[in-house]
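Here is a friendly tour of helix packing and strand pairing for you to follow with the viewer open. Have a look at the model, then read on.

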Amino acid sequence: MNSVIFHYRSGSSRIIGAMLYGTILFSGAFSCKKFVIVDAPVTQLVSANVFTDDVTATAALTGIYSNMMNTSVGFCSGAITLYGGLSADEFQNYSTSGNQVEFAKNALKAENNIIKQMWANAYQYIYAVNTILENLSHPSAVSLNTRQELMGEAKFIRAFCNFYLVNLWGQIPLVTSSAYNINDTLSRLNVSQVYAQIIKDLTEAQQMLPADFEAAAGERIRPNRWAATALLARTYLYSGDWADAIVQSSAVIEQTSLFQLNSDLNQVFLPNSVESIWQMEPVTPDKNTWEGYLFILTNGPTASVGQVALNPKLIDSFEPGDLRKANWIGADVTIGQTSYYPLKYKVKTGTPGTEYYTVLRLSEQYLIRAEAEARKNDIESAVKDLNIIRQRAGLPDLSTTIDNQTCLADIEKERRIELFAEWGNRWLDLKRTGRSEEVLSPLKSDWQGADTLYPIPLIDIQNDPHLAQNPGY
Amino acid sequence: MNRIAALLLAGFLHVSAAGYSQGKITLSLKKAPLQKVFAAIEAQSGYTVWYDMALLKNSSPIDIDIKDLGLEEALAIACKDLPLEFSITDKMIVIKAKTNKAGNDPPGKIDVKGKVMNEKGEPASGISVTIKDSRIGTMTDAEGQFELSNIDESSILVFSGANIETQEERLNRRKDLVVVVKLKINRLDDVQIIGYGTTTRKLNTGNVSTVSAETIQKQPISNPLAALEGQVPGLQISQKSGVPGGNFNVLIRGQNSIANGNNPLYIIDGVPFTGTSISSLLLSTGITGGGNPLSTFNPSDIESIDILKDADATAIYGSRGANGVILITTRMGKAGKPAVILNFNTGQEKVTRFMHLLNTREYLQMRREAFLNDDAQPDPDVDYDILTWDTTRNTDWQRELFGGTARLNNIEASVSGGNNNSMFVLGGGFNRETSVFPGSFADQKISGHFALKHSSDNHRFKINFSGSYVSEINSMPALDKTSQAFTLPPDAPVIYDSAGKLNWAGGTFNNPFALLNSLYKANTENLITNATVSYQILPHLQFRVSGGYSRMQMDEIQTNPLSSLNPSWGYTSGYSYFSDQSIRTWILEPQMEYGYLSAYGHIDFLVGATYQENQSAAKTLYADGFSNDHLIEDIAAASSISQAGASQSTYRYQALFARINYNWQEKYLLNFTGRRDGSSRFGPDKQFANFGAIGAGWIFSKEDFFKNNLHWLSFGKLRSSYGTTGNDQIGDYQYLDSWTPTVYPYQGLSGLQPSRLFNPDYGWEVNKKWEIGLDLGFINDRILLSLGYYQNRSSNQLVGYPLPSITGFSSIQQNLPAIVQNTGWEFEINTSNVKRKEFTWVSSFNLTVPQTQLIAYPNLAGSPYSHTYVVGKSLYIKQNFASTGVDPQTGLYTFKDVNKDGIVSSPKDYLGNKKVAQLYYGMLGNQFRFKNWQFSFDWQFVKQTGRNYLYSNFTAPGMRNNQPELTLHRWQRPGDASGIQKYTQDRGGAGYDAYYDAVLSELTISDASFLRLRNIYLAYGLPPGLLEKMHIQKLVVCLKGQNLLTISHYKGIDPENQTVQSLPPLKVFSAGIQLSF
């Protein structure tokens, strides 16, 4: 055994060792840079590759619609209808969830999770829009036509989000770029400045968008020039520009080859109905519209998903013989209690696509024009437009000789009935016409003037020191 | 067993055979060769006799006739007329030539060759051999051999090393010698695994705590992390959920990062292991809290767990070491005849306690009083709990929903063995754990482990190969219904109606038992393999490559059959989620080590490189439209399938590292570590950074002054270290500007969405660690004391910096100009109180006093954290409303209006005057051994503040939810002084507002300290006599308990996980048998 002691002094081992050693150092020193550079994962596409062809660039935009429709009761998928309706006088609440009760009682807190989600949804879409606009603003391999169309849609979406933001929250920060290090310190702008931006976006969108539905092969699931026009009409109405409201709504109404009122009320919310100006295609499995899923009652409102039923006062305000009551309202009887629910959408769950989610439709354009005309004291035209809607509902015409005030009251009532449980129209109407105090304070014991504006989410107040809170919160 | 050519045992020449007590020697031989005599003595004593064949060659045969003599006497008689002497140590007898004490000749110079081996006959490499009182010396090579030329023939050689007793050997002109060195048995000499090597407690310049297999095996646990709770100073572990496979919080020396990655780095046999579960959060959050990856690792495969804490120990892990490192080493076979070990355990688990809640009488009283207070009438649509339900019912939902007894069964077998060149271990186990929930849920694991070790005859080439595999099926309810157990009114209806169907009570009862039909099932396969090949190129130069591969694959299903869904929700078929995830890691680490002993001390160089890649992938599918509930686990039976998320990522990591370790006479220790790291988690030009540390130790007890004056001080070491480590625990690709497919297509085309806000410019989080420690041993190390102070400063904080949502996202990855400082005292004492042959008593105590502070934060006021942190205060302060009690007139909670604007509003009126943190924590353990009995118990104590029941889950007392009994002390009429506000049921009323302000107030923070009987262990081993008759080596019967008793004033269910949302940690009691032969 002793004999094996010092056999290690072998020259060849030393050389091998030195070589190995050198190899490590060499590989370490020179290949490391490359080694730690990894390709983008297969589940992600680097930005530079997104805007290189028409199909991918389009996917970047339609991704926004997909997210809008896939968000559970989100900003563009039922939240405005449900919570706007609760804030106003459309729904009765049966939920015991604090977040929902706060809407029903107009006792919102800045930390309300629903508020936080709605707000964040909107700005998420705006971020995507801004990124798309920035990427498409310089020439690329994307064809000119597609660029125009996508940029038009992007501007439309930005205007659309800003429209609801400004109406629900009042002054808002105006985000027009994707630069987070600028956006994180924005402060809120006056409502008029926001409206100016919305009008600018929509006017530009009108120029860029096609006048037909070819972008989606005839389906009405992508906004076109008339969607921009319809929203512009509404924007002018909300901002008190009656003349322009008339111009824009007339432009839509005059497109009779594209848009007409459905004579059958049960067809209004079906896919690509002739009345629809812009609809969204449901994407979530087993769901059609979130409204249908939330509102349709089978076993009483407490056990339902949305935990709301229509306010009996709304039911009472339908005139006798109103076809809309028969077609758009459902009744559920559970343990002897009758509850009414919106039945504009008739599918609660089921394979998506039976119904489309209607965002803009023609009958609102008539109501917009009617109101603008009434505001300009053109009662005759106003009543004429109003009667078009009434006729479709099987109601007798109103007299064209009513006074201005009656006419405006009739329009408010008609809007309440025609547009109930749709995109919070009632809540927005009460606010913009200054009627919320008068209508809601008798109904809601905790009503305060400041309740017309939702609180800015606490998390944003905390994370952007320049954001001021609405009064009362 | 190898017989050695020549054998000497230095330093222990005059050892008595006091340790020898068994049996007596009886011999009667005539003219027997000495070999035969020694063989007979070996046979009867069980001792091994070592001798030099050459020594015996010339001795003549002897006559011997002895009866019932002690070993020492027997040997003395055998050697009486021969030029031999002997010594006895442990189980070994060494026969050698009688020492020549004359030495009159003038000293000459000779060349000496030698071999050093340990008591098992294994070569002892890396032992330093020096000539006493000179600077001449060398080190033994891999075969334990050494050579010294031209030295005095009468020199005294000194043999020393990390894990041997230092011993001296007089040469006496011999040129060839074999030295047997004695392995150290002192706790100070326990081997500690460090990054890329080993050391001992004595010689370590860094701070490493080692938890042995023995400690782990005493505990009835299925996740190794559970075994570490309380054991290690500076290591904070809390169990987040008592559900099998549930998650843990692990922090080493506090929270370093404000918002990201505070997980330590886990390394199993050299292969990095994921610190967070790969489980799909969508499916698992509701039941296992996301799960914990270590639950798919079998605790019995573990040889030791080493926790690396300071810069000296962790800097070699560079960018990944900021939060400490947990090294897990698996079992390896030992030389000897094959040993078979069988283990069987069976036990029970239950929740530690229930919360005191209102019974139906009290509940109804609360509800009625609430209506009275609000001057309101119950509404039949909402208040069915008092109007519709049968108010004579009284159910304790805690007992119904989590009051069951879980069963625990575990069986394991292993075989190990080998010879000096090759060793192996093979083991397998089966583990089954049911739940405390109603229904038959279980977590089942099958595991296998192997390890092989081989070395060439000359020990220059070595290979190690090990692997472990676990296949786990965790089948649990889809949701942890613990929270519902607290809030469900006690008069809620019967669970099943008369037809045996779930009772929904006309939609008014959201029946929690529906969950029994809704399943979460996770199949996990976890493979970890590692191989190390080493070659001794030059006597002191070793080249090594270690490589590892691990793969974890997890398939999860979460089902929601129609029968589990409230009929009122309008579902027409059930739905399921199917998810599969995987992570593969490979790592390759070439290393070169050079050990050199010079006149200036023992120096050790290590250089190496790391290449690592992690590939992970995950996808989740949603399926619905099942024609029948029975098919709900079969995705093929779904009428529609859509994807609900998919991801794939690659992480690559590359590094060069070096370490220089210097040891001068085991007195002065120095350690330098450096690492250059590159990680793919950072953007271009930000991928590389350098990290390093220096550690120094001074074993002052070796100084003459202490040796001569402080005899009671057997060991004293002062050590300190300083260095930097980094943290790259952020998601992959955060720097990348990219788009991800949307979940669902639109217009027939898959949409795209921005993946994130991207920032290409962030770099590593840097943690500067400083530590000073004092290790002392008293009375021959029977008392070992360790005191340490650390200060870690983590800067360049990598965070998902919270942004206002107007930016489109809620955060962006950034480096934050903030500094978080963790300081703390760590104290550990181990005492051997009684050390008799029949009875031993050992105690251990550890205490940690931690503090986490925000030291700097430029422009905090203008940042998103302005309402979270305060510079100079604890990182754990909570900004809340300050309570001013319940108004005796209105009966409502009131709060301090800090800015005096007339209303209390968040966050303007927040004050950060309370914190949720641990003030100190530790454990006191005792171990007793009496004859064949063993008994030990550990008391864990934590002094802390925590969130109480008010923080989550409950609603304002008076509403349609049950409440803790302590809400009975509510305000009732004007003038009442109470800590609990009046009952109210009016959502949106003033009472409601006040209650939700209370949820945002300091009232949610209260004392959550506890004293817990963490572990208890009682074992009886069969006596040797009986074992021999049964032909087995060992048979131990044991009882193990965990979490058996908790003393706490915590207002909630369990002070450890501090939530009413998930199942608290359970108490476990098990009985087991261990058998080896």
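We start with two helices of chain A: the axes of α16 (residues 379-392) and α17 (residues 404-418) come within 11 Å and cross at roughly 25°. This is a predicted model, in which local features need pLDDT of at least 70, side-chain atom pairs count only at pLDDT 80 or more, and totals for chains, interfaces and linings use all residues. Residues are numbered from 1 along each chain as its sequence is written, chains are lettered from A and ligands numbered from 1 in the order in which they are written, and side-chain values use heavy atoms, with hydrogens and water left out.

**Helix pair in chain A**

- Helices (H or I, at least four residues) and strands (E, at least two) are DSSP runs, numbered from the N terminus.
- Axes are lines fitted to C-alpha atoms, for helices over the stretch in contact, and angles run from 0 to 180 degrees between N-to-C directions.
- α16(A) and α17(A) are therefore roughly parallel to each other (angles under 35 degrees count as roughly parallel, over 145 as roughly antiparallel, 65 to 115 as roughly perpendicular and the rest as oblique).
- Their crossing is left-handed, a term for a near helix turned anticlockwise from the far one by less than a right angle.
- On the α16(A) side the contact (heavy atoms within 4.5 Å) includes Ile379(A), Val383(A), Leu386(A) and Arg390(A), and among its α17(A) residues are Cys407(A), Ile411(A) and Glu414(A).
- By class, this contact has 7 nonpolar, 1 polar and 5 charged residues; Ala, Val, Leu, Ile, Met, Phe, Trp, Tyr, Cys and Pro count as nonpolar, Asp, Glu, Lys and Arg as charged, and the others, Gly among them, as polar.

**Helix pair in chain B**

- The axes of α1 (residues 34-45) and α3 (residues 71-78) of chain B come within 11 Å and cross at roughly 175°, which makes α1(B) roughly antiparallel to α3(B).
- Leu34(B), Val37(B), Phe38(B), Ile41(B) and Ser45(B) of α1(B) meet Leu71(B), Leu75(B) and Ala78(B) of α3(B).
- The residues of this contact divide into 7 nonpolar, 1 polar and no charged.

**Sheets and strand pairs in chain B**

- In chain B, 5 strands form an open sheet with mixed pairing, in the order β15-β20-β21-β18-β19; two strands pair if DSSP finds at least two bridges between them.
- The edge strands of this sheet are β15 (208-212) and β19 (271-273), each pairing on one side only, and neighbouring strands are turned by 25° against each other on average, direction ignored.
- Within it, β18 (residues 265-268) and β21 (residues 325-330) pair in the parallel sense over 4 bridges, and Ile267(B) stands opposite Leu327(B).
- Another open sheet of chain B has 3 strands in the order β9-β6-β12, with mixed pairing; here β6 (residues 109-118) and β9(B) run antiparallel, joined by 6 bridges.
- β50 (residues 1010-1021) pairs with β48 (residues 933-947) in the antiparallel sense over 10 bridges, and 11 bridges join β50(B) to the antiparallel β51 (residues 1034-1048).

**Overall dimensions of chain B**

- Chain B has 14 helices and 52 strands, and its C-alpha atoms fill a box of roughly 115 × 65 × 65 Å, taken along the principal axes.
- With 1077 residues, a compact globule would have a radius of gyration near 31 Å, and the 34 Å of chain B agrees; the radius is taken over C-alpha atoms, and the globule rule is 2.2 Å times the number of residues to the power 0.38.
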